[in-house]
Amino acid sequence: MVKWQPVLLANVHRPNSEKIATYLDHGGYESLRKALKMSPEEIISEVKASGLRGRGGAGFPTGVKWSFISKDAPVKYLAVNTDEGEPGTFKDRLIVERDPHSILEGVIISAYAVGANRAFVYIRGEFFLGVKRWIKAISDAYQHGFLGKDILGSGFDLDVTVHRGAGAYICGEETAMIESLEGKRGIPRSKPPYPAQKGLWEKPTIVQNVETLSNIPHIILNGAKWYSGIGTEKSKGMKIFCVSGHVNSPGNFELPLGTPLREIIYEHAGGIRMGHDIKAIIPGGSSTPIISAERIAVPMAFETLQAAGTALGTGAIIVMDETTDMVEVIRRTTRFFVHESCGKCLPCRLGGKQMLNLLENLSAGKGSMKDIDDLEYLAKGIYGKTFCPLGTGMAEPVLSALRLFRDDFEKKITTH
């Protein structure tokens, strides 16, 4: 095991890590000073060359996204996605609560790069401490001249405000988040047009995840060559992996992309509780396909997990040992997605409820073989046929569990 020094989480365990004085004492806002001496085009080129991909789940190249925004648009916005609602994911919350200035510095640099003079932080309603930390960090940044008019004498202006969501998972989807920011019900929009062309109040808008933004100061300060030297050919940089479930030491672990799943579980998360064996792993949050223990050697990177039939997602690794009832896992997961569906489209709205009914019958020992077949039929009917990715995210765990652990479902049947 190679010992890697934390980059994104370097400050989180320091005393008073959330305070601007602590951040400044450890080199905070030096990257911003450097960035403001560069042109916006130079910053975008540097982020492109770094190979940074979005950490919110989709993995889209960040610099490419920035290049889509119109240079000539008179009004542009930046929206910060702090609506971390994917089950098993708790990385963004850690950074917001313990090192908010590292994100804010990334926000300011990103806004300068795309020409946005207004940024909005959208945060999950349940993150009470996170809301307080965001507000305090922004206030302190204004007082130190890092926000407001003519930042550090550069001629660049930026105002940032915090907006709390109302606990809707769907608002983690960028266009639903934009709708919510506008004061509307959080329902996804049709794409195209993408937010970079027409976002908040129909103006070009860049939406970025917290972890993504916290990478920006390090890329600017240390250079794209340094950053692209970490990770794999198609997955660059460090990644925060959230490990939970049946491990001895759950938590957040910052490691290079491409680190083997086995290493993360056994060397960083302390192995499996009470000497049990692994049965199943969710590698990227509850909306990603489940994999079996046979896949434990897979490198945790975008391309390698895709080749293994699953996805990196948010990097939320949920480990389940051989005592786990996979029918109950899928029932609870489906219940979550059914509850969080916005109801916009029929496959998600009705298909999800029908799947949950079947799963509840199976879990209670009241199901039949036909119920298992119907469950698979419904999941296939939902997969890829909904307005936004939530429906597919609901179907993925069902289909992967049926493929890998069908015996668990059949064992629930007492009558035929």
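1. Buried here means under 20% relative accessible area, while exposed means over 50% and partly exposed lies in between, using a 1.4 Å probe and protein chains only. Helices (H or I, at least four residues) and strands (E, at least two) are DSSP runs, numbered from the N terminus.

2. Before going on, please keep in mind that this is a predicted model: local features need pLDDT of at least 70 and side-chain atom pairs count only at pLDDT 80 or more, whereas totals for chains, interfaces and linings use all residues. Residues are numbered from 1 along each chain as its sequence is written, and side-chain values use heavy atoms, with hydrogens and water left out.

3. Now to the partners of E7. Two strands pair if DSSP finds at least two bridges between them. E7 pairs with strand E9 (residues 316-321) in the antiparallel sense over four bridges, and isoleucine 281 stands opposite valine 319 in E9. E7 also pairs with strand E8 (residues 291-292), again antiparallel, over two bridges. In E8, isoleucine 291 is the bridge partner of isoleucine 281, and serine 292 is that of alanine 280.

4. Stepping back, these strands belong to an open sheet of five, in the order E6-E5-E9-E7-E8, with mixed pairing. Strand E6 (251-256) and E8 stand at the edges with a single partner strand each, so one side of each is left without a neighbour in the sheet. Strands of a sheet pair through backbone hydrogen bonds, either parallel or antiparallel.

5. Helix H5 (91-98) lies across strand E5 (238-245) and E6, running at about 115 degrees to E5. For such angles, axes are lines fitted to C-alpha atoms, for helices over the stretch in contact, and the angles run from 0 to 180 degrees between N-to-C directions. Contact means heavy atoms within 4.5 Å.

6. There is also an open sheet of four strands, in the order E3-E2-E1-E4, with parallel pairing. Its edge strands are E3 and strand E4 (205-209), each pairing on one side only. From one strand to the next, the twist averages 20 degrees.

7. For detail within this sheet, look at E2 and E3, which pair in the parallel sense over six bridges; valine 121 has valine 162 in E3 as its bridge partner. E1 and E4 likewise pair in the parallel sense, over five bridges, and leucine 78 stands opposite isoleucine 206 in E4.

8. Although E4 is an edge strand, five of its five residues are buried. Both of its faces are covered: Thr205, Val207 and Asn209 are buried on one side, and Ile206 and Gln208 on the other.

9. Helix H7 (residues 128-143) lies across E1, E2 and E3, running at about 170 degrees to E3. Its 16 residues reach 23 Å from first C-alpha to last, close to the 22 Å expected at 1.5 Å a residue; the expected span is 1.5 Å times one less than the number of residues. The buried residues of H7 are Gly130, Val131, Trp134, Ala137, Ile138, Asp140 and Ala141, and what covers them includes helix H1 (20-25), H5 and H6. After H7 comes glycine 145, with a positive phi near 80 degrees.

10. Helix H14 (residues 346-363) has 18 residues and reaches 25 Å, close to the 26 Å expected. Among its buried residues are Cys348, Gly351, Gly352 and Met355. The cover over the buried residues of H14 includes helix H13 (326-340), helix H15 (369-382), H16 and helix H17 (406-410). Glycine 365 follows H14, and its phi is positive, near 80 degrees.

11. H16 (residues 390-404) is one of the helices covering H14. The 15 residues of H16 should span 21 Å at 1.5 Å a residue, and its end C-alpha atoms are 22 Å apart, which agrees. H16 is mostly covered, with 13 of its 15 residues buried.

12. Finally, which residues of H3 meet H6? Pro40, Ile43 and Ile44 in H3 meet Ile109, Tyr112 and Ala113 in H6. The residues of this contact divide into six nonpolar, no polar and no charged, where Ala, Val, Leu, Ile, Met, Phe, Trp, Tyr, Cys and Pro count as nonpolar, Asp, Glu, Lys and Arg as charged, and the others, Gly among them, as polar. The axes of H3 (residues 40-50) and H6 (residues 100-114) come within 7 Å and cross at roughly 115 degrees.
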